[in-house]
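Trainee: I have a new structure to learn. Could you show me how to read it, feature by feature?

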Amino acid sequence: MTADMRRRIFDNLLTPILAIICGLIVSAIPILFTNKNPLAAYAMLFKNGFSFTSFRSANLLVTFQLATPLILTGLSAVVAFRTGLFSLGMEGQLLLGGMTAAWLGYAVQLPPLIHPIFAILAAMAVGGLYSWLPGLMRVRLGVNEIISTIVLNNIARLFVLYLINYPLRADPSTTAYSPMIRASARLPAFVPGSKWGVGFILALLAAVFVFLYLWRSASGYEQRMAGEAPRFARFGGIPSDRAAVRGMFVSGMLAGLGGAIQALGVHYRMLDGFSSGLGWDGITAAILGQVHPLGVVIVAVFFAGVRQGAQVGLQFAMRIPRELGGIIISLMILFVAADKLYRNGMDRITARKRRREGISSGGL
Amino acid sequence: MADDDVEFSAREGEVHALVGENGAGKTTLMNILYGLVRPDRGTISVDGRQVQISHPNDAIHLGIGIVHQHFQLVPSFSVAENIMLGREPGALGLLRTAAEREQVGRLAEEFGLAVDPGARIRDLPVGMQQRVEILKALERRARILILDEPTSVLTPQEARELFKVVRGLAASGRTVIFITHKLLEVLEVADRVSVMRKGRMVDTVAVRETSVEALARMMVGREVLLSIDRSPREPGQLVLETENLSVAGPGGIPAVLRVSLAVREREILGVAGVNGNGQAELVEAIAGLRPVDVGRIRFLGAEVSRLSVRQRRLQGMAHIPEDRMRVGLNTSTTLDENLIVSRYRIPQFNRLGFLRRGEIRRFSESTIARFSIAAARPGGGISTLSGGNLQKVVLGRELAGKPRLIIANQPTRGLDVGSIEAVHKTLLAERDRGAAILLVSVELDEILALSDRVVVLFRGRVNGELSSADATEEKLGILMAGGSL
């Protein structure tokens, strides 16, 4: 590894790590309001979020399962952002993908193995198309993708609510949900009784796919060039518009896959409250993860662990409201956005160091 | 550090030229004198008194005026309104237009700078706008006038007018600091000249005791070949031909009007003209970046005006764009990825939709070696490369496929003398190999040094064509200003 690469990796890690530290420091204030020791609270939080004792009772595995949809919506955002399009449509694509998988999960009869694969592919196609549309509108009509994807998110949410409230409603007496999928459509779990299973592996494979697509394939190259330097891409003859629309389709496929995994491996149906903002959290994970698949996986697992630790560790064991998990995450995001706060200081230190090195080596 | 331990002094009543390559520190020095940049240490004195200049207002009070390379005028205002901006005569917030114009008229007469006070800036030619800038400084009682690259936007005739004005100002006891990188101008207009290199002052000498060669040596730090050996070649078959080409510029305003030109193999066609006379639009239309309104573009005998950029490039067009930082390169990615932008689909670099990184790396290595791109590593970033090395990256990519046509738009803009030399040699070698070259430049020296034929663009039209034997600075200047021979 060259010095140049080491510096790049260090620079990319510096902001998130400092943001996490700052977030934890400031989060100590609300903990103190509850008259608890922040250090004890953090210990409890991390133990419940990330500990691994055995495959039978590992908090880490629950965290992995909770991180799975976040990884996928995060990857979806990475692919869109790397095309230079600020798509916010992961929420809607995830819902429509989940709805598609949930419906095919009970409405058709197929042998095991074939059934989930079929449902997943259909969900990915639906998610992809639902993202392709704003991409096409952007390229052909100049419609701002931020606005169109927000609108499409609402349409998807209301449409899914309509489906599970009326035509696909399973049980009129309780809250709205669709019928349970067939056993043949279920994604298997690795540990009986948990939901940590094939979905997580699919998410990791998707991360590898996104890396290969963006940084090793000609299509990904087109997409990144069009995103990073649009005038350069046009000048070089890259079909930027086609690359953008394709990027949006791939982005939607990934969010759709996230929805399918939730429907086939976690909830086994579509229900009111299916998403709880997974699309939005994915966008945050993408930004915090430096718009890179590896960063997304790390951040998604971290988010899921903090949430899980806050709920189980703090709420149940220490009687600190679980919203603290949300506060910690929000503060970390804030500190990433406000990286100038500590970046300036860091830069001054490195500049001074470099200057000293420059003088001792006799050069300028 | 931009400037280090620079000693500079100008006398009353002298024209003092300040020369140096791009990045030598001329502009930083002037920005310090005008209060735009604070020096880390050192002192400034005016009239023998040490002064503090921490804001342009301080500079104006001390009688220092500056005319920037890019004019700071309000296009929709009249000459008088621009000159009196912020110092209008009259009371109670009412403007007294007549008094204002009278005052400006007197000022113009006093300095012999004929200009109509009532004319709108946007209707004036660039040379006139520059006069307005000078008058603006004089109205504010400037005794030290700094002109930053004042001839870069002028035709040779306009430049000569300016030199007269400058001499006149010096004769009236004012000091003119004349920043330039054109050495012939220095000999024509200045009394003394200071040469900067890499943030340091090399020397200050009297113009009478120096020569272009000596100045060039001081500027670059080594011997430079000022003229390149260009032996004539017999042009081959027709490569590029435009027929009655009309192209709209930004906002749909016609920028290129019925332009017909032709370039052959082993020929460099120079396109001269003052910046903004349709060159950018012409180049973009030929390269496929801007739609053609009317007319045809024929490349190797076939009509190409509806083809995409990629199709044109595949047929053998290469393009060296004017703006290498944003158009010619993607400075946020690696050298390797910059080198393949027009060729990532060819089998050499692409297998089954995946990039062949090993091949690309090898290509990168050979390009670095062939063009001796200093400080570049295969796989490394390019954001820290100098302008000259960045241009070599562009050349390395564009010339790799042995193109039939090379469109070179301002290929040496902002480069140092050494890099200019390298670019010129490369272009001539490409011509000798058999390429047709369309060379667009606002630097007449460059046009004259390289072109086999020259056409002049004026307001989007071809205003005359000269063979290299007939082309002189004088004649081109007349054509560039819209005149006829």
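Trainee: Where is B:Val271 found?

Mentor: B:Val271 sits in strand E11 (residues 267-272) of chain B. Helices (H or I, at least four residues) and strands (E, at least two) are DSSP runs, numbered from the N terminus. This is a predicted model, in which local features need pLDDT of at least 70, side-chain atom pairs count only at pLDDT 80 or more, and totals for chains, interfaces and linings use all residues. Residues are numbered from 1 along each chain as its sequence is written, while chains are lettered from A and ligands numbered from 1 in the order in which they are written.

Trainee: Does B:Val271 count as buried or exposed?

Mentor: A residue is buried if 20 or more other C-beta atoms, placed from the backbone, lie within 10 Å of its own, exposed if 12 or fewer, and partly exposed in between. B:Val271 has 26 C-beta neighbours inside 10 Å, so B:Val271 counts as buried.

Trainee: Which residues is B:Val271 in contact with, leaving aside neighbours within four places in sequence?

Mentor: Contact means that two C-beta atoms, placed from the backbone, lie within 7 Å. For B:Val271 the partners are B:Gln279, B:Leu438, B:Leu439, B:Val440, B:Val455 and B:Leu457. Compare B:Arg310, which is 39 residues away along the chain. The C-alpha atoms of B:Val271 and B:Arg310 are separated by 24 Å.

Trainee: How do I read chain B as a whole?

Mentor: Start with the elements: chain B has 17 helices and 20 strands. Then take the radius of gyration, over C-alpha atoms; the globule rule is 2.2 Å times the number of residues to the power 0.38. For 485 residues a compact globule would have a value near 23 Å, and the 25 Å of chain B agrees. Its C-alpha atoms fill a box of roughly 75 × 50 × 45 Å along the principal axes. Of the 485 residues in chain B, 44% are buried. Among contacts with a separation of 6 or more, 66% join residues 24 or more positions apart.

Trainee: What does H7 of chain A look like?

Mentor: Check the length of a helix against its expected span, 1.5 Å times one less than its number of residues. Helix H7 (residues 198-216) of chain A has 19 residues and reaches 26 Å from first C-alpha to last, close to the expected 27 Å. Its buried residues include A:Phe200, A:Leu202 and A:Val210. Seen down the axis, the buried residues of H7(A) fall within an arc of 155 degrees (taken from the directions from the helix axis to the C-beta atoms), so they line one face of the helix. The face turned away carries the exposed residues A:Leu205 and A:Val208. The buried residues of H7(A) pack against helix H3 (59-81), H8, helix H10 (240-267) and helix H12 (293-318) of chain A.

Trainee: Where do chains A and B meet?

Mentor: The contact takes 16 residues from chain A and 24 residues from chain B. On the chain A side, helix H8 (218-228) and helix H9 (230-236) each give two or more residues.

Trainee: How confident is the predictor in chain A?

Mentor: Look at pLDDT, the predictor's confidence in each residue, from 0 to 100. Chain A averages 89, and 92% of its residues score at least 70. Over residues 358-364 of chain A the pLDDT is below 50. Beyond near neighbours in sequence, that stretch has two contacts in the model. Where pLDDT is low, the predicted coordinates should not be read in detail.
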